[in-house]
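Me: Please take a close look at one part of this model, the open space at its surface, and say what lines it. Then follow the neighbouring parts from there, one step at a time.

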Amino acid sequence: MPLQNRVLPTGEIRADPARGLFTGNRGIIHRPDGTLGTSRWSHKHWLVCTLDHPRGIYHGPMPDRGWSALFFLDEAVALTAGHRPCHYCRRAAYHAFRDAWDAGIGDRADRMAMDTALHKARVTRTRTQIRHEAGAKTLPDGAFVLIADVPHLVQGDCLLPFSTTGYGATIPRPSGKLTVLTPHPTVAVLRAGYRPVLHPTARL
């Protein structure tokens, strides 16, 4: 039976057999039996990591004394859930993200400052995802919006509906205001040119 470790763009963590392209770290949030309790983070440093450790180390998804491995369909999902690239296993992506942060937000922030700003923008103390409204035409590629309770990835003039196994058939990007799932700072980073790694099904 799959563990509860698949993260959705809506911030939910579900049990699902699909693994995805990336794993992530929010600290230790699982119980000794490998299940999740009510906690959804143990620190503010939410990372997007490679599936394979740079040194070939693998501790398993829910080890007794290791961080709880979470999984994402792709990097766009991870960013929307509030994570940012790991500075250790994804150094090039981290520096690209930080440079785009500087360009998009106007603040040469270090890791601590970015994580603090992201935490304020991604989730409330009651573990509720923070969402906001924005004009559909203003949103950058890689952001997620919610339409009829289904997360959709913004790509060019299209939106792609999300599932845990990949993206569905495109629909035209609408006009007007949309509910945005991606945190405010991350939208600015994407607008400044950061390009997340997408699942192969996101090809237009």
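Reply: A pocket here is an open set of grid points where a 1.4 Å probe fits, with protein on both sides within 12 Å along at least five of seven lines, and a residue lines the pocket if it has an atom within 4 Å of a point. The model is predicted. Its second largest pocket holds about 230 Å³ of space. The lining of this pocket consists of 13 residues, and those nearest the centre are Thr-10, Gly-11, Glu-12, Arg-127 and Gln-129. Sorted by class, the lining has six charged, four polar and three nonpolar residues.

Take Arg-127 from that list. Arg-127 sits in the loop between H3 and S7. The phi of Arg-127 is near 70 degrees, which is a positive value in a residue other than glycine. Is Arg-127 buried, exposed or partly exposed? Arg-127 counts as partly exposed because its relative accessibility is 43%, which falls between the limits of 20% and 50%. Another non-glycine residue with a positive phi is Asp-149, near 65 degrees. Asp-149 belongs to the loop between strand S8 (144–147) and strand S9 (150–155). Asp-149 is exposed, because its relative accessible area is 69%, and the limit for exposed is over 50%.

Helix H3 (111–122) and strand S7 (132–135) are among the elements that the buried residues of H4 pack against, together with helix H1 (75–80), helix H2 (91–105) and strand S13 (177–180). Helix H4 covers residues 184–191, and six of its eight residues are buried. Those buried residues are Pro-185, Thr-186, Val-187, Ala-188, Val-189 and Leu-190. Just after H4 comes Gly-193, with a positive phi of about 120 degrees. Tyr-194 forms one aromatic cluster with Phe-97 and Trp-101.

Residue Arg-122 brings in another ring. Arg-122 lies over the face of Trp-46, 3.9 Å from the ring centre. The charged end of Arg-26 also sits over the ring of Trp-46, at 3.8 Å from its centre.

The segment after H4 also holds His-199. His-199 is buried, because its relative accessible area is 15%, and buried means under 20%. Apart from its neighbours within four places in sequence, His-199 is in contact with Leu-21, Leu-73, Asp-74, Thr-165, Gly-166 and Tyr-167.

Tyr-167 leads on to the ring pairs. Rings pair if their centres lie within 6.5 Å, and planes over 60 degrees apart count as edge-to-face. By this rule there are six aromatic pairs. One of them joins Phe-162 to Tyr-167, edge-to-face, with 6.3 Å from centre to centre and 70 degrees between the planes. Both residues of this pair, Phe-162 and Tyr-167, are buried.

The largest cavity contains about 70 Å³ of space, and a search of the whole structure finds one cavity of 30 Å³ or more. Its lining divides into seven nonpolar, two polar and two charged residues, whereas six charged residues are counted in the lining of the second largest pocket.

Definitions and conventions
Residues are numbered from 1 along each chain as its sequence is written. This is a predicted model: local features need pLDDT of at least 70, side-chain atom pairs count only at pLDDT 80 or more; totals for chains, interfaces and linings use all residues. Side-chain values use heavy atoms; hydrogens and water are left out. Rings of Phe, Tyr and Trp (its six-membered ring) pair if their centres lie within 6.5 Å; planes under 30 degrees apart count as stacked, over 60 as edge-to-face and the rest as tilted. Buried means under 20% relative accessible area, exposed over 50%, partly exposed in between (1.4 Å probe, protein chains only). A charge sits over a ring if NZ of Lys or CZ of Arg is within 6 Å of the ring centre and within 35 degrees of the ring normal. Helices (H or I, at least four residues) and strands (E, at least two) are DSSP runs, numbered from the N terminus. Contact means heavy atoms within 4.5 Å. Grid points are joined across faces, edges and corners, and a volume is the space filled by probe spheres set on the points. Ala, Val, Leu, Ile, Met, Phe, Trp, Tyr, Cys and Pro count as nonpolar, Asp, Glu, Lys and Arg as charged, and the others, Gly among them, as polar.
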